Number of protein chains: 8
Amino acid sequence: MDRAELKLLLQKVKENRINVDEALKCLRHLPYEELDCATVDHHRALRQGFPEVIFGESKTVGQMEQIIMALLGKGNNVLATRVDGEKGAALMHKFPVASYHRESRCLTIEQKPVEAKGRGKIVVISAGTSDMPVAGEAVITARIMGNEVETLFDVGVAGLHRLLARKELLFSASVIIVVAGMEGALPSVVGGLVDKPVIAVPTSVGYGASFGGVAALLGMLNSCAAGVTVVNIDNGFGAAYAASLINRESSSTI
Amino acid sequence: MDRAELKLLLQKVKENRINVDEALKCLRHLPYEELDCATVDHHRALRQGFPEVIFGESKTVGQMEQIIMALLGKGNNVLATRVDGEKGAALMHKFPVASYHRESRCLTIEQKPVEAKGRGKIVVISAGTSDMPVAGEAVITARIMGNEVETLFDVGVAGLHRLLARKELLFSASVIIVVAGMEGALPSVVGGLVDKPVIAVPTSVGYGASFGGVAALLGMLNSCAAGVTVVNIDNGFGAAYAASLINRESSSTI
Amino acid sequence: MDRAELKLLLQKVKENRINVDEALKCLRHLPYEELDCATVDHHRALRQGFPEVIFGESKTVGQMEQIIMALLGKGNNVLATRVDGEKGAALMHKFPVASYHRESRCLTIEQKPVEAKGRGKIVVISAGTSDMPVAGEAVITARIMGNEVETLFDVGVAGLHRLLARKELLFSASVIIVVAGMEGALPSVVGGLVDKPVIAVPTSVGYGASFGGVAALLGMLNSCAAGVTVVNIDNGFGAAYAASLINRESSSTI
Amino acid sequence: MDRAELKLLLQKVKENRINVDEALKCLRHLPYEELDCATVDHHRALRQGFPEVIFGESKTVGQMEQIIMALLGKGNNVLATRVDGEKGAALMHKFPVASYHRESRCLTIEQKPVEAKGRGKIVVISAGTSDMPVAGEAVITARIMGNEVETLFDVGVAGLHRLLARKELLFSASVIIVVAGMEGALPSVVGGLVDKPVIAVPTSVGYGASFGGVAALLGMLNSCAAGVTVVNIDNGFGAAYAASLINRESSSTI
Amino acid sequence: MDRAELKLLLQKVKENRINVDEALKCLRHLPYEELDCATVDHHRALRQGFPEVIFGESKTVGQMEQIIMALLGKGNNVLATRVDGEKGAALMHKFPVASYHRESRCLTIEQKPVEAKGRGKIVVISAGTSDMPVAGEAVITARIMGNEVETLFDVGVAGLHRLLARKELLFSASVIIVVAGMEGALPSVVGGLVDKPVIAVPTSVGYGASFGGVAALLGMLNSCAAGVTVVNIDNGFGAAYAASLINRESSSTI
Amino acid sequence: MDRAELKLLLQKVKENRINVDEALKCLRHLPYEELDCATVDHHRALRQGFPEVIFGESKTVGQMEQIIMALLGKGNNVLATRVDGEKGAALMHKFPVASYHRESRCLTIEQKPVEAKGRGKIVVISAGTSDMPVAGEAVITARIMGNEVETLFDVGVAGLHRLLARKELLFSASVIIVVAGMEGALPSVVGGLVDKPVIAVPTSVGYGASFGGVAALLGMLNSCAAGVTVVNIDNGFGAAYAASLINRESSSTI
Amino acid sequence: MDRAELKLLLQKVKENRINVDEALKCLRHLPYEELDCATVDHHRALRQGFPEVIFGESKTVGQMEQIIMALLGKGNNVLATRVDGEKGAALMHKFPVASYHRESRCLTIEQKPVEAKGRGKIVVISAGTSDMPVAGEAVITARIMGNEVETLFDVGVAGLHRLLARKELLFSASVIIVVAGMEGALPSVVGGLVDKPVIAVPTSVGYGASFGGVAALLGMLNSCAAGVTVVNIDNGFGAAYAASLINRESSSTI
Amino acid sequence: MDRAELKLLLQKVKENRINVDEALKCLRHLPYEELDCATVDHHRALRQGFPEVIFGESKTVGQMEQIIMALLGKGNNVLATRVDGEKGAALMHKFPVASYHRESRCLTIEQKPVEAKGRGKIVVISAGTSDMPVAGEAVITARIMGNEVETLFDVGVAGLHRLLARKELLFSASVIIVVAGMEGALPSVVGGLVDKPVIAVPTSVGYGASFGGVAALLGMLNSCAAGVTVVNIDNGFGAAYAASLINRESSSTI
């Protein structure tokens, strides 16, 4: 039952074409059934100004094409993550207006201008060059969600001076995303320097006992610096999405 | 080398009692050495208005007494976590002004009034009665850090209606902390309902293949709802600390 | 908003005391908010004839007393699991009408007679004497939920003849619960003998590389016999609950 | 020793061609040796009306051809699972009467009509599009085993309204199979809504700390909803086989 | 159906009191049902000359008393493993004829003399003093099972000369049991020196990343020396039982 | 220093061409240094009559050619394991006299006749068709090491009758090798039926929570049947090598 | 702020062009900000005489070309590790002066002669031929870092005599690197023979329960020989780097 | 056969009291058998000046008393680790000359003065107060082994300034031991600051996903700073022993 049907029902009650008990019976399952998913999603989109997001990993080019076309029809911007090079090329062929970010495996389509609407700046830090794809996914996600983003790459804990030299940048952030593999120590160091929310993203970079990012993940979960929270391994998108929620101007919603 | 010594050095340069090269030599190791820990910590306290925190798990009553007395001298409020019943009783005897929260194993001393200074409200949700101690630690931490806190307890995913019935509370939050053990599904459900930052706290509640909270932790890290970040198992304090940083009024510092 | 309020609203619409759009606005959040938890739970109890269940592991005697008294007031039977000896004694003192099953750590109160209402018989099999407490929890749970229960204990795969000798019993079951620790092979053997649903319960019995039941759990999940499903380690209650649902006479509800 | 030989032996006893003690000696090893495998399997097929099943993962096309031809000779229907695209094409070429279900990697041959013989309906629910292949395997298996099957796909816990909107479908089921990857929370939610047996199937969908389905598996084993049992990761076939046993009309067997 | 009943049945056939088809029908379920457990166990005992064994870990003193008395009645020797000091004292009080081996937590009762019946000698080697309880369990088990046993204790791989100095002993063995914790390297070294079956027993000795014996277990499973097989962590009994089977004089059985 | 040199040294002492202290100094490092590796290996080959074995997994065709030619020069038979199809073809081209066993990935060269020299028979049992390659490796290894080998394939625990029907074969064995994947329950069942040494080989067959053979490995280590020892996952060679040592006629060496 | 700027500031103070308080304010952030990364790195290179190192695993040929050219410009030697064959060929084409070590996957460029500057000799020992690539990486790294290196390959614990025969070599070392896969027992044996620092390198060689080197890693961490420290799986470079630091002539630094 | 006996044998040869062949026969098993463990250990003690060490964890007070008395007889100093408070008190009562270090659970007896004989200084750093016991074990071990030791405690990565402020101390070290729990990041930071060998000791401090020190262990193994090697969790003794070997003045032995 959608809004129109509900209105119709109420109209009928008003016009005595249906009595109250019958109407009540119709509404009995309302709590569960009347939800119109599309409407809800529409609300969500309006409210958030966030783009629609497609997780491309396990989808075919055909499936993605279909979804993208549907989304474009709504007038929103589009972000697809985990799009490998081959799929990216195919989609670029289909949607020449799109941008494909090879290293970060993201595809974006900006139908309408993205306006920065956050309270402050999201700073994305990464420990090594190998962490760049994940950091890139975070940057692209945060930008298309309407945040001002600055980056600080290749600042590992084994070369602290590079990080310390950019202290002002850290202090200027509203939220900090720290992307690191191997021992995952960077978020602890950053969290100890600043009093800002730090979102840590472990990466699957490394070998041997790094166990595909588990060592970094555990390091981050056990951070001795308070204020650090963690997302899944390689989940640059998730970190940026959470950072966007944190950075949003106003906290009121309907 | 602290500020006074640095000033003295500059004075000497000014007065030609030491030449520039000699001053330069004195300053060579400055980047690392002149840091005065106490000063920095003082800055941190002033800047944040946050209380000093003691992790009581591996400390003796004697050690905690000593630390608390030192901290009280600075005029700040005090929060000690992981204080078991026996230690709690001993400390209450020593510091009658303190409050001991048995279930949450926290001890607090409020020397000066705590004023709510956040942008909005922190809502703490827990899945089951067994998650209460961890949720309580989060509540106490968030409150003494100057946040308005509301709670919604005992709303597991196997009884969704209790959660859905409190939708308005969720929407009114600035940040939401979700504490859950067992399968750790509650943060996903909450994250799917609202567009607020959700900090998930896995608890060690459960038995068998819950592996002391690992099942809940993995569930939360793999949440299908974007916007969810995670802290360590049973780390109610860490979740509240991060939520406080997120909830702070202004993003400017220094 | 409960049924009465909804009726009142419809009444107002009918009587033109409120117009349709205003009524519509009132109903906007209906899907989530009008749920009355108690009502739903009441329905669940009526529908199922199942007792109320208390997980006693992390509850104090005081908490359990309070809950039991509340439940007794509703007229239902009561089952408390994971009640250790000390708590059991305290509760027996408080509720002399209760039965405490020491080995299985269960406490039951039957206010009204339990009538067998299943389609057939639940057979509970256990591999070794050490698996008895878990098997006992399953038996007690299944019985108080209104099932006819038969048992076959101490029939490990290293002594197959004991199992084979009771083939007719296996064939007479509606559902079979198999409780086993160590290598957890028994459900595979049983599942290969009969064409009945088999619910496997790994137990934490064993030492060394049994890892508190994980070896048995993995063995059961990898069973080469189709028709075997698995519950958590030591979860005799869960197995019996699922078996009861399977064994219920009719599949219609509402 | 098969039935014919046993009959011969008894005949000899009857005719005094062998005395009782000698016959007894012949029968000493009977419990183990006289079993005629084919007979037993024949019985199983007759009794169950279930098709023969081939696990195709580790078999060559040649091996499968041989097995399928043998099975067809018995007059039964055939189900082969884990048949990748290449093998599927080869088998379709050999058996044009077969159906190959690419997404679910299943091949079926229905020599005789499948008649629905269950007590009720099996409902298969999946959380995301990536869970479709496993859900598909469950659907195909359940159908060819003679069950009425309905599906409800793409209803994750982060979008609960889609699930709640189909509450009536859930209530109409005899058994529910819930297929989910990532955090594996969906079975808990479904199990909390209905009082039906729920069989949870974790899938290897996800990345990072999903560990190839282990996170979902643990989530399901630790489900806070009673009545949920679990099968191995990606084991759609096993879930449907167990569901078929549960759904079968009569509980009596030879 | 036991032997007597079977004889009766044959008698009836012989005497034409029952016809062949009816007899056949009676025997239909024979393979499974006629097994008389006691008889089988009796056979096993006669055949093997092995004592009855009780795993004492999860049994009460009362349970063990009952079992021991039953076993003594059969005239066999008795071995109980995993009997802690308190239980041991209680049982010694009850059975003064028993021997309690405190370090190895074994209790033995030799009603009849144990005669060495193996082909050769079992040599039990242990790496450190902390491995002694497990090595002791192996020694006691092997002895009461009728094997000549020699020991070589405290010969770790970090002090190879102690092992090399006893080369002749190694060469004189029929089977070698090697008990080691920590890195579990000793079986590889022994297996490289001799061409005898080596049974490796990992112990739970160690700390940190020894994970209760898992490190030793993995080391042994990955031994670079062929001829090494492994039993469960701390399973001295199992190693000795397998060694006894290997060492038995003759390979013929009923 | 070999025997000749040692003799020369003693001769010099005797003839006063070197004094005692100087001789003593020469002998100081004797315990470690005089070992002549080749001699020892020669002894090993003579003593055992075992073929030389090459682990082919991480070796190139060129490396294997070189080793095989060297080994052939010594007159022994050759066994190479883990030789994939491509390497096998290349080696067959080079050594036409060799036999390549594709399924088991073994290559054998028998220069001199293999004579059965064991005390009895090695029986190799496997649970499923997917376990065949590993079982095959065990069979080939056991045969070329001079053992009589019989096989019993495709007898899983979910179809016990097939196993029970071959009880006499089990009883006729000197050692039994049981190869099984999935839940790894077969060795427990076999070990419960016979009083022979059982060597269990877990295989990496399976999916999901089989974890590449870990589930089977744990099942076997936790076997409830005494007398079962275990080798590494997929290590058919190691099982057969250990079985050969057990099956050897005489226990005397030197 | 670099040295020049700092000097200028002091000059200004001296010349009264800026007063002390203003200078103090300029210096307030000095501890973090004045670091000039390049300078620091320059110092490090001068001080250590070590080559620049590139971890080639996750870098493209293009990226490596760029880095190598930059490094060559500084006049240092270059070491690139984890360079696979294809990348190696491409780089050799670009830098004909380089040496590519195929087995060890290392590429080196020696612009200036490497002079041995250590206190003694680094001995690199490996257990099997499969450990050679990792051992080779250690050898190449240690050599280009200015150490005298000797090797002892293919000396597993299952053939101890080969190791014992080279005792003098072990005793002549300043540091010993031991590379081993499978059970990782070799470092314990070596550590028990000599009183030198032993650095253990687990390799990912092996199969089944070796878990990609974890078994060897655990064996090494639990070594019963004191004086053994461990690096990550396959980390030949890291072992050699640490060994170089240990072997350096003088312990004094700036 | 010890040196005296060997000398006697040579004397006999010289004096023709035994002929060469007979002498040769006596020496035949020399490589393995003549080793006199005590002698070897004596050599080790003389060579190293290291004390005898007792691992007290799994030893009784009685066992330790016996060992200590034997060791004292040799004139060496004694170090016992993992001696809990109760055992410590008992041993202090028996050996009043001993020192018991309660926090570090070490007992030392210095019969002869310890003289510093290393090349330089060992610096022991710890991250938090909870890491103190392990750090203390390292300090005590290093001191009694004749090293100059300095400490730097309570310098976690979340408060970097404390560490940076002591840069000169780090630079003055010959070897650095870094003890840290939680995320184990401190060794990476230290290793990035100095060009000295760093030995990392993970501690079991922490909760939740620290897994008793595994998170710290993995962090250290995956350190992005070269030159870091790792010992087992809580193994302060092992770290100090290895550091002592590194710090020893001369690299020549024998």
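1. Buried means under 20% relative accessible area, exposed means over 50%, and partly exposed lies in between, with a 1.4 Å probe and protein chains only. On that scale, buried residues make up 60% of the 254 residues in chain A.

2. Ground rules. This is a predicted model, where local features need pLDDT of at least 70, side-chain atom pairs count only at pLDDT 80 or more, and totals for chains, interfaces and linings use all residues. Residues are numbered from 1 along each chain as its sequence is written, chains are lettered from A and ligands numbered from 1 in the order in which they are written, and side-chain values use heavy atoms, with hydrogens and water left out.

3. Chain A overall. Its secondary structure comes to 12 helices and 9 strands. Both are DSSP runs numbered from the N terminus: helices are H or I with at least four residues, strands are E with at least two. Contact means heavy atoms within 4.5 Å. Among contacts in chain A with a separation of 6 or more, 69% join residues 24 or more positions apart.

4. Helices H5 and H6 of chain A. H5(A) covers residues 61-73 and H6(A) residues 85-94; their axes come within 10 Å and cross at roughly 40 degrees. Axes are lines fitted to C-alpha atoms, for helices over the stretch in contact, and angles run from 0 to 180 degrees between N-to-C directions. H5(A) is therefore oblique to H6(A). The classes are: under 35 degrees roughly parallel, over 145 roughly antiparallel, 65 to 115 roughly perpendicular, and the rest oblique. H5(A) passes H6(A) in a right-handed crossing. Right-handed means the near helix is turned clockwise from the far one by less than a right angle; anticlockwise is left-handed.

5. Residues at that crossing. From H5(A) come A:Val61, A:Met64, A:Glu65, A:Ile68 and A:Met69; they meet A:Lys87, A:Ala90, A:Leu91 and A:Lys94 in H6(A). By class, this contact has 6 nonpolar, no polar and 3 charged residues. Ala, Val, Leu, Ile, Met, Phe, Trp, Tyr, Cys and Pro count as nonpolar; Asp, Glu, Lys and Arg as charged; the others, Gly among them, as polar. An α-helix has 3.6 residues a turn, so residues three or four places apart point the same way.

6. The chain C pair. The axes of H5(C) (residues 61-73) and H6(C) (residues 85-94) come within 10 Å and cross at roughly 40 degrees. The two are therefore oblique to each other. Their crossing is right-handed.

7. Helix H10. In chain C, 8 of the 8 residues of H10 (residues 186-193) are buried, so the helix is largely enclosed by the rest of the structure. Among them are C:Pro187 and C:Gly191. In chain E, 8 of the 8 residues of H10 (residues 186-193) are buried, so that helix is also largely enclosed. E:Ser188 and E:Gly192 are among them.

8. C:Val134. This residue sits in helix H7 (residues 132-144) of chain C. C:Val134 is buried, at 10% relative accessible area. Not counting residues up to four places away in sequence, C:Val134 touches C:Val179, C:Val201, C:Thr203, C:Asp234 and C:Gly236. C:Phe237 is 103 residues from C:Val134 in sequence, yet 8.2 Å away, C-alpha to C-alpha.

9. Cysteines. The structure holds 0 disulfides over all chains; a disulfide is a pair of cysteine sulfur atoms within 2.5 Å. For E:Cys224, the nearest cysteine sulfur is that of G:Cys224, 15 Å away. E:Cys224 is partly exposed, at 32% relative accessibility. For F:Cys106, the nearest is that of E:Cys224, 20 Å away. F:Cys106 is buried, at 0%.
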